[in-house]
Amino acid sequence: MTFRPEPLATPQLPAHRSLTVVAVLGVLLFALWGIGTPLLGTGSLTATNQLTTSSPYQETGLNTGSTNYQLADTITSELPETILFRQSLLDGHGTGWDPYGAGGSALGAVPNNALYSPLTATYYLLPTWLAPAYERLLEIIVSAGACYLFLRRLTLSRPSAVTGGLVFASSAFMIVWLGFPQTRTAAFIPALFWALERFLQERRLRDAALISVPVACMLLGGFPSVTGFALLTAGAYVAVRLLAERPRELRRLLLSGVGAAVGVGAGFALAMFQLVGFLDFFSTWLVEGRAQDSGSHLAATDLLTSFSPWLFGTVNTLKPPAFILPPNLIEAMSYLGAGAVVLVLVAVALPRRARAVLPRATGIFFALATGVWLELIYLGGPPLALAQKLPGLSALFAQNYIGRGRSVLGLLLAVLAAVGFDLLLRRRAALPALSGPHWWRRLHRAHAWPIALGVAILVAGVLLLLRAGDYVQQAQEAGAGSNFVHQLLVGAALLAAAGFCAAVLLLLADPRVLAARPRPRRALRLLAAACLPVLIAVQSASFAAAYWPHSSRTQFYPMTETHTYLADNLGEQRYASTMSAMVFGTSSAYDLRSVNGHAFINNQFATLIQAIPQNPNYFETYIDFLDENDNAQAESPILDLLGTRYFVTSLTQPPLGNQVEAPRDATTQTIRPGIPVTVPLQGSGSLRGIGLTPSGHVAAGLTDPSNKISFVVKDATGAVVAQTTESTATLWSGHQFPVPLAADDQAPGTKLTTTITLDATEPLTVAADHGQAALDTVTDADDGLRLAHVGTSAIYQRLNAQPRIRWASTSTVVTDQTARVNLLASGSVTSDQVVLSAPGPAASGRPGTVTVDDDGTDSVSTTVNAQGAGYLVVADADQAGWAASVDGKPTALVAADQGLVAVDVPAGHHTVSLRLAVPHATSALVLSASTAGLMLVAVVGEFCWLRRRRAGTAPPGAGTAQGQGPPTERAQVSR
């Protein structure tokens, strides 16, 4: 026995199909206008244009400015790792590990990057630069389509269901998290509710199995908090529906609840091949600063962006003002759309009618659930504190920002918007009659509830505007006060337009209005109804088109000569770079090993990195070196341990080494375009760079990046020993203009001169000494560095870097972490020594050689020839999830050098290998495959059993004519 809500009569609106077509066209308008030309391959729906605002890309002339600075994490983490994983698939295997950043981090072994999400399939079928546009299109189809199916299950009309899908697909969370796993998780929230509602109505095995699909897809989406919030809300929904439909049928209630739980559990089992890696690595990652309290919520002021998204600024550096609400636009944006806001208010203003058009208790649930999430997200306080402390909920609410709950709130509001639209489409005669006491019916007929709601909304709006006063003042101080007023008026106008359409539909829902003119009445209703989804689609598409960045194909991880130099010379070693020199995290897109990275970092490895001067691990998932003008970072012995062969700085940073300031007086020298100026350099011998200081006013034309200034260094014989050309865009009066020059191999005593040529439209005046340009110099500091290359970056070779994979003939045990880190940072650990974290076999002190046979993503294979026992040291963060073998026999992987690993190797000739081997990964894969097989068998078996049962019980000839199928099928068709 099943329970289905009885569908109400179809809304009495002429051209009902036409209205459905209008709503579908609205979804298409939002998708095609929002995504735009990247669907045609004319660009990329990524923020990679932000790459070109930094070195070494901006030196190539690709800089067009950043159109969305909030999406930086996608270009430093999500996209590079997806590129790496895609390439591994093209090579015939998927990689579980990314060895190219942050010492190495889990990749395909965990769901963090949604690499196994069905929505990521576009990246494996299309070029990587094109895939994001079609991945976004697929998200819109899945989210809007599943929402449509769910709303149809709730007996709402087709136009209302399509409009609800549009509202969810264009809600804030689904728009602003472009390129992140967050939306690839949230896109399946409507599918989860649809599958649950379908099971509650049908109570078939196949429907229970269907629940597992969206659950597994959400888990593979890689953002656990969204999945947790959705499952929690869906669990409450199932409980309410069961209690409302079968309050006294305990057995059926329990069986239905168990069936839903089994479906959810099967979803976890399907995704276990990924979850097992997450469970294994999570405890080893540096996870800090995530604790939440009752004050960790969004401000109620953020709700003003629900109808006017740009009220508090934009994220486009080319179109200020910048967004001013804390913490940032991605977290604070609460957009729903002016039309959708009005529809939600209609549903709330007519609660009795809304409850009547939905299955039992469904209307109450969505209204209350919306209120609860609004309170938790925007007010916090005691309810949020309680959720953060309740057993079973504390892990979800106390460790995850509550603002991510907007993913679920978006669906709840979309359902209410669809209900509101459905109520507007129905004639009063098509709605159930009011019931209850006489005074209750009189209140409703007098519109007391809508009036009270309107007053409450007006008061709340005034309070929100007053609370927004501080931000408005900030905007005015930034010269952007007019933007707030303009955007507020635009949003108010859209609200008024949507409200007018709703009022027309409400007025004309009474058959007595314009009864003498039915055709104009019908035309007006259709026009007003069609305007609402169009209004929602246009505003949402406009918002998405302005927010979603469009980058040129040439800006999609372009190969610069810096990358080419590193690729040609790095080998199996690493490089490190300052944050202005190279964009951290992007090394995975180029297959270049870097100390820098953006990923979850092994906590032992992070402790080692934090001992480097200036602490490059300044944020839990970041390793990036600050732009310091001293050598402390570049010289760090810890970088030696990590096999860091090169240290990269930007051209705008002063060269590393001894800074020698040239004498100067009050005179200046003017360098005119096209006229070379030759100046002798202070001192003699090695040279890493020079610096000149602009004096007086720097002409505006010189700040144009297309203008250049070149430097040619010659020795006494006239031979060119170094030369470079730089943009004049960073010339600043009174501040040194640094110029790195790779000439530190010059012999002591060598006299050098520099010829300066300006290729610009304006002359440049510089500080001088007796009328001759005063050029500061940077010389070799005997610091273990050599300026090896100057191009789009300055690349220093680190002469003391140890091999990343090396032989250690001696071992030292230091069990205290602080003492161990201090020893490693002191520089006293030699290349043939390893520092163990726990007692182990002592090394013999005898030498050995290591030949690297294979240095892949998931494995390292070496040949060791050792004259005595010792350790093979691999300077990677492989302490978790990795295993070792000697001559094919498993052996222990030893924690060494604080976050790195070593293998105890006996004397002799041996093959030593390391490979990624996540514990229980094989068992988890078997569980996932077995679950999928069992579900398939169960579904097919149930289908065959039901078919035979119907065939055996049906009278001869029954069920064969059109419209005379089994009762369940007939009921489904009628829906």
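Trainee: How many bridges pair strand β11 with β12, and in which sense?
Mentor: In this predicted model, strand β11, residues 708-714, pairs with β12 over 7 bridges in the antiparallel sense.

Trainee: Which residue in β12 is the bridge partner of Ser 710?
Mentor: Ser 710 has Thr 725 of β12 as its bridge partner.

Trainee: What is the strand order of the sheet?
Mentor: The order is β9-β14-β11-β12, in an open sheet of 4 strands with antiparallel pairing.

Trainee: Which strands stand at the edges?
Mentor: Those are β9 (677-680) and β12 (720-727). Each has a single partner strand, so one side of each is left without a neighbour in the sheet.

Trainee: And what does the twist average?
Mentor: From one strand to the next, the twist averages 20°.

Trainee: Changing topic, how many disulfides does a search of the whole structure find?
Mentor: The search finds 0 disulfides.

Trainee: Is Cys 501 buried or exposed?
Mentor: Cys 501 is buried, because its relative accessible area is 11% and the cut-off for buried is under 20%.

Trainee: What does Cys 531 count as?
Mentor: Cys 531 counts as partly exposed, at 32% relative accessibility.

Technical notes:
Residues numbered from 1 in each chain as written. Predicted model: local features only at pLDDT ≥ 70, side-chain atom pairs only at ≥ 80, totals over all residues. Heavy atoms only, no water. Pairing = 2+ DSSP bridges. Helix = DSSP H or I, 4+ residues; strand = E, 2+ residues; numbered from the N terminus. Axes fitted to C-alpha atoms, helices over the stretch in contact; angles between N-to-C directions. Disulfide = S-S within 2.5 Å. Buried < 20%, exposed > 50% of the residue type's maximum accessible area, 1.4 Å probe, protein only.
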